[in-house]
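I opened the model to look up how its parts pack. My notes follow.

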Amino acid sequence: MGLIAGGAFMSVIEIKNLVRDYGGGKGVFDISFHVNQGEAFGFLGPNGAGKTTTIRHLMGFLKPKSGTCAIDGMDCWTERDKVQARLGYIPLWNGSIPWQA
């Protein structure tokens, strides 16, 4: 993390042309976005929009059909051990933490 040439912040999260097709129009299709260091970012959408699938790619749980995901410059699939060592992930189920359900 840090400044890059020209004083701009580098992306700490970067997704480029991510595709994961489950068939029947389900999955994520050509998603691209980045989050720069210091930015607050909300990832919102209706049920079935692909939020969980995208997060699972960022955590290295799923291999992209095509496209790339990176956190701090580390590829989320090929360097998933390093990514997972730096991040935590607690999925919610029906609006509650699984062990509270």
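I call a residue buried under 20% relative accessible area, exposed over 50%, and partly exposed in between (1.4 Å probe, protein chains only). Helices (H or I, at least four residues) and strands (E, at least two) are DSSP runs, numbered from the N terminus. This is a predicted model: local features need pLDDT of at least 70, side-chain atom pairs count only at pLDDT 80 or more, and totals for chains, interfaces and linings use all residues. Residues are numbered from 1 along each chain as its sequence is written, and side-chain values use heavy atoms, without hydrogens and water.

**Helix 1.** I looked up its buried residues and found Thr 53, Thr 54, His 57 and Leu 58. Seen down the axis of helix 1, they fall within an arc of 140° (directions from the helix axis to the C-beta atoms), so they line one face. They pack against strand 1, strand 2, strand 3 and helix 2 (80-86), with contact meaning heavy atoms within 4.5 Å. Just after helix 1, Gly 60 has a positive phi of about 80°.

**Aromatics.** I searched the whole structure and got four aromatic pairs. Rings of Phe, Tyr and Trp (its six-membered ring) pair if their centres lie within 6.5 Å; planes under 30 degrees apart are stacked, over 60 edge-to-face, the rest tilted. Phe 33 and Phe 43 make a tilted pair, 5.6 Å centre to centre with 40° between the planes. Phe 33 lies in strand 2 and Phe 43 in the loop between strand 2 and helix 1, 10 residues apart. Phe 33 is buried at 19%; Phe 43 is partly exposed at 30%. Phe 41 and Phe 43 are stacked, at 6.2 Å and 25°.
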